Each structure stands twice: as structure tokens, then as C-alpha cells.
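Please keep the sequence and the 3D view at hand.

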Amino acid sequence: MFGQDSARPRAARYGMTLAFATLAFATNALADSGGAAAATGKRAGVAAGVMLLALVIYALWLLAAPLMRARDRGPLKALALLAGLIALKAPLLLVTHGFATDIGTFEAWALRLAAAGPARLYAPHYFLDYPPGYLYALWAAGAAARAFGVVGGPWLKALIETPPLIGDWLLAFAVFLFVRRSNRPLSAWAAMLLVALNPAMLFDSVVWGQTDAPLALAMFLGVAMMLDGEFEIGWGLAGLAVLIKPQGLMLLPVLGVWTLLKLDARRWWRAALGLIAVIAVGAAPFQIGHRWDWLPRLYLSGAAYYHETSVNAFNLMALLGGIRRPDSTSFLGVSCFAIGMGLLVPLYLYAGWLLWRAPDRRNLLFACFIALFGCFMLAPRMHERYLYAALVFAAPLALEEPALLAIFGLLTLSCALNLTYALHVLRTVVFMRPRDAVAMLAAAANLGVFAIVIGYDAARYRRARGILAAPADAQVAAGESAAPAVAGGAEQWLRARLDRFKRAVALRPPAADFLAPLPWRARDTLTLLALLAGAGALRFWRLRHPRELVFDEVHFVGQARHYLRNERFLDPHPPLAKLLIALGIMLFGDHSWAWRLGTATLGTALVGITYLLARRMFKSRLAATLSASFVMLDGFFIVDSRIAVIDIVYITFAALAYLFLFRLMQNTDPRDRLRTLVCMGVSLGLCLGSKLYVQGVVFLFAGGFALFAVMRPDGPGAAPPGAAPDDRRVRMARGLGAALILGSLGGIFYLACFLPHYALGWWGGISDLFHYYKDVMWYENSVSTATHPYASPWWSWPLMLRPVAYWQNFPAHGDVSTIWGAGNPVLWWGVIPAITIALIRTIERPDLTRTFLVIGYCAFLAMWIPIGRILFLYHYLPSVYFGYLALGGAMMDCWRGDAEWWETIAFMFALFAPIVIGLGHIASGMHPAFLPARLRPLCGVPIWIALAAGWALTVRNPKACGRLTCVAFLGCAAAASVYFMPVWLGTPISRAGYYARMWFQGPGLRNWI
């Protein structure tokens, strides 16, 4: 580690001098103001703000000083990278909307501060529930707005959200410095990026514009200073955190225990003076004209204002009392407030015991993390954002202990979901329902993660005690040490991952197991025929029903008729899918089943293609059968194959291109690979001609992997075996040739889709194609502000919150019919752990197949983020397709016993929602007589507990545990497919049966009806 230098004692004295000088200055400023009513406090406020900023900069300098003296250029490189990232983030402030109420409040405070000064801000009957710390940042933003003449609009919003963005930037830099000083340069970069690119933190700072980044910065710097022995500076920063938000109080008990254990009693008063001085200086300009106890009264009134169980936080209080219920709500006769505050006592006792048993750097960070995470989970009156600071303290630990890296990832997803879902609800319906299903599910998952964290630390402590208790010679014999080098191990682990990744992407011949062919057997033929027969039965049965136009058929069938009638029209999507519909009408007449004949055929073919693709990917008939069955039995793939829409067309041609891609990568015969490359180019061209937006990503994604394949030493045209390997120039030439083949063939077949426009006399030259693109841009701009009741944001798609009702027949009495555009919930929600497992396995053991699946899933989801027009759940289908391939591979691992314990428990948790929420809703809607009314919502709980108990009993036997998980998951998926089949096929069912299948029922986004 970069050593402590002799300047450290001097730094402490300088810090104390600064604290005394600041306190004297603030007292003098208050005396000068004389308490006059006309005093604004601006002079004292500017001085206090500069001193608080100087305290933060001084702490950063103390962190960076050892690195600078060692001539380490890492901090400068980190600053350069962070500068690039902030340049990318800053424009987002102008295009995001945030929560209008919070943004408007911050704007009002900032402008009032800039105009009237701090002494007049806390006026009677003026709403202001924030303490003074963050108001200095708002004051600077308001002053900048006045200087530039900005009084409203996106530029004022951007100025108001700039302090959180700067806090986010400084926080990432502080984490980098903190980890870098432990002689872990690679870990420092990784930890910095975990903070700088964290989606939850980005959403909090850039979209919402909240105060959590500055708060977490003060907290983290305070802890870092105490680890350096700078307790006076550390306690001053802790005081700044308390001054920014009351949540800064959460960390004080942990820091108090650390101080008692580490600091000489003669310096306790100096540490306390650092805390008091900073709070006094920060509050002084706002204190003018107010009572002496004004600040404590402000904190108490702010706490009383949110006297609720959970202020949109997905935690234990939400489970016990519901969201935004009075915290006086009782559970088992005890108020939720009493339960929550009572649970904080063992939480802080546990954190104190952590430090007492081993007062080291790791345990201080972990105690801070567990205190912040525990307060979020257990305490009442928690907001959705209060998990932010816990993530900051988990980031350095995540790079030291792989288990904590997984926990960090889970909490990041949970925090991002909490923030995005709460903001969406606040924009639409003010408050979410007390027992919102998404909130309850996420709260239960968070509680499970909290239990895992406690259990993990307890197990780690037991292992450490066992190692320390063993004789020294036994430790040596076992290859263990009494003090394992966790940090060095983490750095070694990161370097190994990086080296493995470099080897994976190097242009080397693929591994033998990837190239080894899986022989085609008679059972492959039988399985493929059975899958095609099942898919055909589900897609062609009663294809004419309903006989009327369904949803977007009104557009696409109408456009097919325009082709047949030679009537010009404008549609932003390329013509292939509509030509397919027109072909059916031309051959068999203008009937409903003729409209849908082409999509049903391609939807059936997609199942067979999926079998062949997964068989090549995983070299497993089981994985291939499962992946194809998931596509065959999923509701959205069934529905989109049974109506004349265009999504199944481009997905099928894209899947065909992926099949040729893997054939290209696994075939060692140069001539056959060239033929495969040609077929792939044709498939990509047909995909390009099917739909707007998505096909471009398909072309770039599949084409990129194809170039990667042919530029390997064994690519088409490579030197024969035994000859000298091709040099880089030859491989580059091969890559250029492949790019020309794919580009030219893709372009030719894409343009061929427009030939009817020329044949019908609509277009006369190449310029008409460019006019078409111009018209498409005009059309997309014209619908950018359109709305639709079934629209849903991209981030909600993995949770399947807002399906699409394609068609409904609801008579006044009797049975009802519907075509419900939604997936199988068991399979749909199972994609989340499947892709997560594929991602983690890719990091641990880079694998071309899983890398392909992870990149594909993320690319087809991320592409919709910048698109401003309304979006629908069916836009997620390309990502779901990759998810079902990954799910087939994961179930294969479970059946073989190759799945790790955390992978099996992830799928058990994925069953929680369909079993508990689904069965509870079904029982509540169907009113079974044998079940009391009060037990119906909970009827699924015993089933899930039984499955969890079975998992616990078999977890020590990986094969038995994996097979139990596989059977349970597939059984639930099959049952769900049978249960939802009537609403996918449009067959009549009872009204009660329909509502029993609508597990989520509004208002707002979470609505299946």
C-alpha cells in the first residue's frame, strides 16, 4: 500500500486549524449581521460555502497525495476518462424529464436563494424540508441561472441537476483513489467504472437530479479519512453529510465505534469539534433571524412529515405495512414504526460487533454497507433512493470478494427498478397502491438479498475462525494462511479475467469442443418433426379466427391490398412483410386465414430454426429441444405468428442468419464456409427488408461476429493444415472480402424487396429510394408525440408489466374472447436469471456462445433507449429470443448437475412471482369454496415454500438439486402455457376465467388488461 507519510500528523493539525478558523469566521459573520430582519446572510453564506467545498477538495487531495508523490499517472488518466464520461452524461440533462415536482421545487429554492440569500430562505409558511448542506449547491446553480438569464425550461433544469452530476463525478474519482492506493490498479479502474457507469446511480443523478451523489461523496470521504487516521477531517465530512441530508445520521454509530476503537481518548474532543464546527459553519448563514434550536426542529419536522411505512422504498416495512401507509399501522399488534426502529438496535449492534471482532479496513467498509443497506431495509420512512450510498461502499468490496460482486449486481438492479418504477408511478398516478405486486415482489427479493449478505458474512467469519484455529503446520499443508490476501486475490482474479478475455477475442483458432460436430441422429429428425408439428398445430389451428382485422392488421393488411390494387401509400417499414401478406391474398383470396398464412408459416419455421441453432450453440439435443419448445409455447410468439403483423418475419430471418453464422464459425471447410457466408448475406438482406430500426442492429451484430470468424487463422481461404499460418495482412484481406460479400448480398436482397415499387410504376429511379427515406424520417417525427394505452417503456419489458390486447370480444353477458399479446410469465421472467447467469459465466469463463447471447440480448434492448416514439412490449421479442436460447442452456446445465447453487436458487426465486402472485390472484378471482377468503391471496406460498425446502434438502447434491430446479421450472412453465392458451388463441372463456388470468390490474403501467 502507498505508505502513510510524515505529513499525516501535520495534516490533522492543519485540519483542526481550519475548523477553528471556520468556526471563528462564522461566529463573526453572525455577529456582523446583528440579527437584523433585513440581513440576507449572503456574505457569510459565500464564505461558508467556499469552506465546505475546500473541505471536500482537501480530503480528495489527501487521498491523491501519496499517489502523486509516487508519480503514479493513474489519477490523471482516471480524470481524463471521467471527463469524457461527464461530457457524455451532461447532454442527457437536457433531454430527460425527471420528476416535475422535485425538479420544480429545487428550481424554486435555487432562484429564491440567489435572489434573497440564505437568511430569508427558511421563512414561515414556506415549504422547505431540506437541511442547509445541499442548498449551497442549489444556490450556486440559481446564481448561474440568474447570471445567464435562465428562468425556466430545460436549461434551468440542467443547471439544477449539475451538482448531482458533479457529485457523481467526484465520487467515482474518490473511489478510484481509495482503491488505487492499495496497490490494486486494475481493481481501481473496475471500482471506478462500477460507480461511474452504474445504471441506478446514473438514473438518480441524471434523470431524477437528486442529492444522493453529494451525500454519498461526503460519507465515503469521511470514512476514507478515518482509515487514514484523519479523524478530525473525517468527522467534519460526516457532519457535512448530516448537513446535506438526515440520512447522514445512519453512518454516525458505525463511525463512533470505529473512533472509540482506533483513536486515542485525548483526541476524541478534537474529532467531535470537527463535526460540530462543520455543522455550525454550514448552518450559520441560514440561522440568521431564527431561534437557536432552529436546525434540530427542522430535522424533527422533516422526519414527521413522512410518517409512513415506506416512501416508495421496496423494503421490509413495505411488506409488513404496505407502501405509503401511516407507520402507526400495526403488524401483529405492534406498530410498523416500533418494529422498524426496534430492528435498528440489533442492526447497529451487529455492525459494532463486526468492527470489534476485526477493526480493519474491510470490516469498516462492510459495516458501513450493512448499516446503510439495513436502514433501507428495516427502518420506516425510507425513500426509494436511500440504497444509493450502500452501493458506493459495496463497490470496493465487490472487487475483493466475488460473492459481494454478485450482491452488488443484484442491488444495482433492485435500486434501478425501485427508482424507475417509483418515478413512473409518480408521473402517472401520484402514489402506487399499498400492496403493489411489483413492489411486494421486489421487497421480498431485497429481503432475501439482505439475509444472504448476513449469512455470507457469518459463513466467512466461521471460515476465518477455522483457519486461525488450525495449527500452523496444518495451514501450510492445506495451502492456507491465517490472513488470506483478499485484495491481492481480487486483483489476481481481475487480471485473470482480463487475460482470459484477451485470449477469447484474440484471432486464434476456436476451441476443439466448439468445432466438434454433434452427429445427426434419427432422434434429431423425430424431435424436429415433433416440434414443427406442435408449432404448426398452435399456429394454424382456427387461423381464420377472428375473421376481422386485428390490431395492426388494419395497417399491414391494408397496405398489402394497396399493392394488389396498385395504390401508392407511405409506410416507414420496408415492404417484405406486407408483400408476404399480399402473396397470401393473391393466391387464396382476401380471407382472414390468407392474410395470416405467411406469418404462421414463418412462425412455425422459427421453431425448427431455433432447434438447429441451439443444437449448434450448446452441442446438446436437450438444450435445443428446450429452447425450441420455449419459442413454440410462448404466448407472444404464438400470437404474432397467428396474425398478419411484421415482427415474426424479421425475427425468423434474423434467427436464420444466426444459424448460418454459427455454421460459419464451426465449419472448417473453406468452400463450405464461403457458401454459408453467401446464405447468411441473403438472410440478412431479407431481414433488412422486413422492419425499420431492428434489422440494422441485426446486420451489424451478426456481421460483426461473422468478420470475427473469418479473420481467424482458419477462416475461408486460410492456409492448408501444416502450412505456415496466414499473417495479419492476409486475414485483414479475408475480413474485407467477407464484409463485401455480406454487404453486397444484404444490400441486393434489401433493394430487391422494393422491386414491386418499380414494377408498379411508383418509383422511377434510385432517387425515389432516398425520397422514401426522407418521408420515413418525416413520419417518425410526426408520431414522436403520439400516445397509446398499450404503450410501455423499454425498461418495463423484462418484467412484462404492460401487455398488448390485440383483439377483444366482450359481450354484455356470457363468455368472452381475447387475443392477448403477452408471453408465458414463467418463461418470460425466467429470462432474467438466465441472461444474468450467461453474463456471469462469460466473465468467469469466456465462451463464444454465451458472449453472443449476452451481447445480443443487451443490444436489442439498449437500441430502444434513445428512440423517442411510443414503444410496445412486442419490441422486446428479439431480446426474448436470445433469452430463451440462454434459458435452454441454463436448464440443460441444471439437468446435468453443472449449475452452481446460486444459479438454481435464482430460478427458484424466478418461480416466486408466478406461484405466489399468480396462484393468489387466481384463487382470489375464482373463489374456490374449499379455501377461506382470507387465505386465497396466500395459497401459493406453501407451494413455493415446499419447493424452496426441496431445494434446501438437495443443495449439497448438485445433480439432484439441479434436476429438481429444472423439473419445477419446466413444470410451472408448461402449466402456465396450458392455462394462458385460451387468451392467446382467442377461444371463448368465462368472464371470471379471463380476469383470473389478468394477474396485474392497473392503474398505470402495471396492468395486464
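His424 is buried, with a relative accessible area of 18%; buried here means under 20% relative accessible area, exposed over 50%, and partly exposed in between, using a 1.4 Å probe and protein chains only. This histidine sits in helix 19 (residues 402–429), where helices are DSSP runs of H or I with at least four residues, strands are runs of E with at least two, and both are numbered from the N terminus. Leaving aside residues up to four places away in sequence, His424 touches Trp795 and Leu1005, a contact being heavy atoms within 4.5 Å.

A word on the source: this is a predicted model, in which local features need pLDDT of at least 70 and side-chain atom pairs count only at pLDDT 80 or more, while totals for chains, interfaces and linings use all residues. Residues are numbered from 1 along each chain as its sequence is written, and side-chain values use heavy atoms, with hydrogens and water left out.

**The chain as a whole**

The protein chain comes to 44 helices and six strands. Of its 1009 residues, 56% count as buried. Among contacts between residues at least 6 apart in sequence, 77% join residues at least 24 apart. The chain exposes about 40,700 Å², and carbon and sulfur atoms supply 68% of that area; the areas come from the Shrake-Rupley method with a 1.4 Å probe, and for residues only the protein chains shown count as cover.

**Nonpolar cores**

A nonpolar core is a set of buried Ala, Val, Leu, Ile, Met, Phe, Trp, Tyr and Cys residues joined through side-chain atoms within 4.5 Å. Which residues of the largest core touch the most other members? They are Phe637, Tyr658, Tyr806, Trp828, Phe852 and Tyr884, out of 165 residues in that core. Helix 31 (residues 647–666) gives the most to this core, with 15 residues. A second, separate core has 147 residues, including Leu316, Cys336, Ala394 and Phe408.

Helix 40 (residues 901–910) is another spot to look at for burial: Glu903, Thr904, Ile905, Phe907, Met908 and Ala910 are buried there. Their cover includes helix 37 (825–844), helix 39 (877–896), helix 41 (912–926), helix 42 (941–954) and helix 43 (958–985).

**Pocket and cavity**

On a 1 Å grid over the protein atoms alone, a cavity is a set of points where a 1.4 Å probe fits but cannot get out, and a pocket is an open set with protein on both sides within 12 Å along at least five of seven lines; lining residues have an atom within 4 Å of a point. Grid points are joined across faces, edges and corners, and a volume is the space filled by probe spheres set on the points.

The second largest pocket holds about 1,200 Å³ of space. Its lining has 44 residues, and Gly302, Tyr306, Arg381, His383 and Tyr386 lie nearest the centre. Helix 14 gives the largest share of this lining, six residues. By class, the pocket lining has 29 nonpolar, seven polar and eight charged residues, where Ala, Val, Leu, Ile, Met, Phe, Trp, Tyr, Cys and Pro count as nonpolar, Asp, Glu, Lys and Arg as charged, and the others, Gly among them, as polar.

The structure also holds seven cavities of 30 Å³ or more. The second largest cavity, with a volume of about 70 Å³, is lined by Asp212, Leu215, Met219, Gln247, Met250, Leu372, Tyr386, Tyr388 and Ala389. Helix 10 gives the most to this lining, with three residues.

**Backbone details**

Most residues other than glycine have a negative phi, and most peptide bonds are trans.

| Residue | Phi | Relative accessibility |
|---|---|---|
| Asn312 | near 75° | 3%, buried |
| Asn566 | near 55° | 41%, partly exposed |

Asn312 lies in the loop between strand 1 (310–311) and helix 15 (316–321), and Asn566 in the loop between helix 25 and helix 26 (576–588). A cis peptide bond joins His545 and Pro546, with omega about -5°. Pro546 is found in the loop between helix 24 (522–540) and helix 25 (553–565).
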